[in-house]
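Here are my notes on this one, written as numbered points. Have the picture open while you read, and go through them in order.

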Amino acid sequence: MGPVRGMKRRKKAEKKVDQNVLAAAASLSSQPQPVDWWDDFSQRITGPLSSKSEDRMKFESVLKVSRKTFSYICSLVKEDMMTSSSNFSYSNGKQLSLNDQVAVALRRLSSGESLVSIGDSFGINRSTVSHITWRFVEAMEERGLHHLCWPTKLGEMEEIKSKFEKIRGLPNCCGAIDITHILMTHPTPGSPDDVWLDCEEKCSMILQAIVDPDMRFRNIITGWPGSLSDELVLRSSGFFKLCEERSCLNGKKLVLSEGTEVREYIVGDSGFPLLQWLLTPYKGRELSNYQCEFNKRLSATQMVARRALVRLKEMWKIIQGVMWTPDKNKLPRIILVCCILHNIVIDLEDEVQDEMPLSHHHDSGYRQHTCESADNTASLLREKLALYLSGEKNLASVLPG
């Protein structure tokens with residue numbers, strides 16, 4: 001995972017979720033307590049949320065995750081959420097259980113509703129909603145970070161490359177990169193906070209994400225002002241340094257017929273620089289057939305990153321609306337936790353996300369910008385790869401790097 005500005009350094013968990021996690025989640029979801037808890041909890045919901053149709057009051061509709069995923073999340077944060085210093089209470093004095101607290105936090109993150117609205121729905125005051133949500137964010141940072149990591153298991157990257165190749169035939173591709181803007185409250189004109197004003201004169205914070213073919217976030221960087229270009233954000237990231245030092249994307253190389261080697265790479269749109277490990281589209285109108293075909297392949301592959309960011313904002317609406325003043329500390333950490341939750345839903349094969357509507361844009365109203373920076377060697381490699389994919393070259397073989 002890339003750096004999150006304002007976040008304290010934490011130990012990175014080395015293990016990725018595996019079948020044991022899925023089995024544990026299934027076991028938790030089979031226990032009757034969460035179902036019984038929901039029957040009681042849903043009866044206490046008041047205000048606008050309670051006036052919705054019966055279908056909207058279903059567990060999945062209110063919390064945006066399945067019971068299985070909810071139980072697993074509760075198991076992750078239980079130790080941190082149930083400390084003696086977190087005795088949160090309802091307005092009637094009754095103490096909130098672990099399930100109550102997690103439900104409040106998930107509703108806040110998934111609905112994007114105000115603290116007052118959440119409090120009115122669940123019978124707690126706004127400060128309690130705020131404290132519970134922040135305690136949950138801190139707990140997820142500590143306990144859930146292993147769900148957001150670069151592939152390290154044996155054979156994991158090969159599986160990712162195989163899935164990417166099945167999309168539109170791009171071989172040796174390890175990820176897709178994209179950037180989105182998290183909108184915030186407009187700062188006072190002329191103030192130092194003007195740095196947050198982006199190219200569209202909107203106040204925003206940047207989230208750069210690299211995803212795998214299953215729309216799982218593998219590396220993120222957030223916290224930078226919206227005024228920065230895609231290229232500058234990339235070059236400021238730890239991921240850029242690792243790739244330039246060949247400490248990352250350093251696996252098997254694709255060897256073309258005449259001996260040209262194409263290292264592992266990711267794909268991005270025209271807002272990113274063309275590098276030996278980051279392929280971007282050809283620019284211009286007078287392109288050859290094989291160059292146009294390459295652009296189609298790359299665009300279809302890079303679309304995975306766009307869809308992941310759309311899904312993130314659709315499911316965790318707290319980062320979709322204009323709710324924040326420029327904040328270098330809390331907002332980046334909330335963005336990180338939303339990305340972790342996004343991955344958990346994928347890791348636990350939660351079908352709730354498949355039922356959600358999916359728009360086509362994560363940055364509505366933003367124009368596509370073009371980066372003119374291009375590495376000469378990368379330009380040559382892209383040309384040879386494009387020719388190879390067009391069928392004009394002999395088949396390549398994959399050899400150890």
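This is a predicted model: local features need pLDDT of at least 70, side-chain atom pairs count only at pLDDT 80 or more; totals for chains, interfaces and linings use all residues.

1. Valine 65 sits in the loop between helix H3 (59-63) and H4. Leaving out residues up to four places away in sequence, valine 65 touches Phe59, Glu60, Phe70, Leu106, Met315, Trp316, Val345, Asp350 and Val352.

2. Now zoom out. The protein chain has 401 residues, and 53% of them are buried. It contains 13 helices and eight strands. Take the contacts between residues at least 6 apart in sequence: 72% of these join residues at least 24 apart.

3. Next, the sheet. Five strands make an open sheet with mixed pairing, in the order E3-E2-E1-E6-E7. Strand E3 (217-225) and strand E7 (278-279) are at the edges with a single partner strand each, so one side of each has no neighbour in the sheet. You can find both senses here. E1 and E2 pair antiparallel over eight bridges, with histidine 181 partnered by isoleucine 206 in E2. Strand E6 (residues 265-267) and E7 pair in the parallel sense over two bridges, and isoleucine 266 has leucine 278 in E7 as its bridge partner.

4. Have a closer look at E2. Why is E2 described as largely enclosed by the rest of the structure? Because eight of its eight residues are buried. In a regular strand, side chains alternate between the two faces of the sheet. Check both faces of E2: Ser204, Ile206, Gln208 and Ile210 are buried on one side, and Met205, Leu207, Ala209 and Val211 are buried on the other. On the pairing side, E2 and E3 are antiparallel over seven bridges, and methionine 205 has proline 225 in E3 as its bridge partner. E2 and E3 also form a hairpin with five residues between them, where methionine 215 in the turn has a positive phi of about 70°.

5. Which helices lie across E1, E2 and E3? Helix H8 (residues 156-168) is one of them, running at about 80° to E1. Helix H12 (residues 330-347) lies across these strands as well, at about 160° to E3.

6. In soluble globular proteins, nonpolar side chains tend to be buried together. Here the largest nonpolar core holds 117 residues, and Phe70, Phe136, Met140, Phe217 and Trp277 touch the most other members. H12 supplies the largest share of this core, with twelve residues. Pick methionine 140 and look around it: apart from neighbours within four places in sequence, it is in contact with Ile73, Leu76, Val77, Leu145, Val337, Ile340, Leu341 and Ile344.

7. The axes of helix H4 (residues 67-81) and helix H5 (residues 98-111) come within 10 Å and cross at roughly 110°. That angle makes H4 roughly perpendicular to H5. Their contact involves nine nonpolar residues, two polar and one charged. For the second pair, helix H11 (residues 289-315) and helix H13 (residues 376-389), the axes come within 9 Å and cross at roughly 95°. H11 and H13 are therefore roughly perpendicular to each other. This contact divides into six nonpolar, one polar and three charged residues.

8. Last stop: leucine 385, which is found in helix H13. Leucine 385 counts as buried because its relative accessibility is 1%. What does leucine 385 touch, not counting residues up to four places away in sequence? Its contacts are Pro171, Leu254, Leu256, Tyr265, Leu279 and Phe294. One of these, leucine 254, is 131 residues from leucine 385 along the chain, with 9.5 Å between their C-alpha atoms.

Methods. Residues are numbered from 1 along each chain as its sequence is written. Side-chain values use heavy atoms; hydrogens and water are left out. Two strands pair if DSSP finds at least two bridges between them. Helices (H or I, at least four residues) and strands (E, at least two) are DSSP runs, numbered from the N terminus. Contact means heavy atoms within 4.5 Å. Axes are lines fitted to C-alpha atoms, for helices over the stretch in contact, and angles run from 0 to 180 degrees between N-to-C directions. A nonpolar core is a set of buried Ala, Val, Leu, Ile, Met, Phe, Trp, Tyr and Cys residues joined through side-chain atoms within 4.5 Å. Buried means under 20% relative accessible area, exposed over 50%, partly exposed in between (1.4 Å probe, protein chains only). Angles under 35 degrees count as roughly parallel, over 145 as roughly antiparallel, 65 to 115 as roughly perpendicular and the rest as oblique. Ala, Val, Leu, Ile, Met, Phe, Trp, Tyr, Cys and Pro count as nonpolar, Asp, Glu, Lys and Arg as charged, and the others, Gly among them, as polar.
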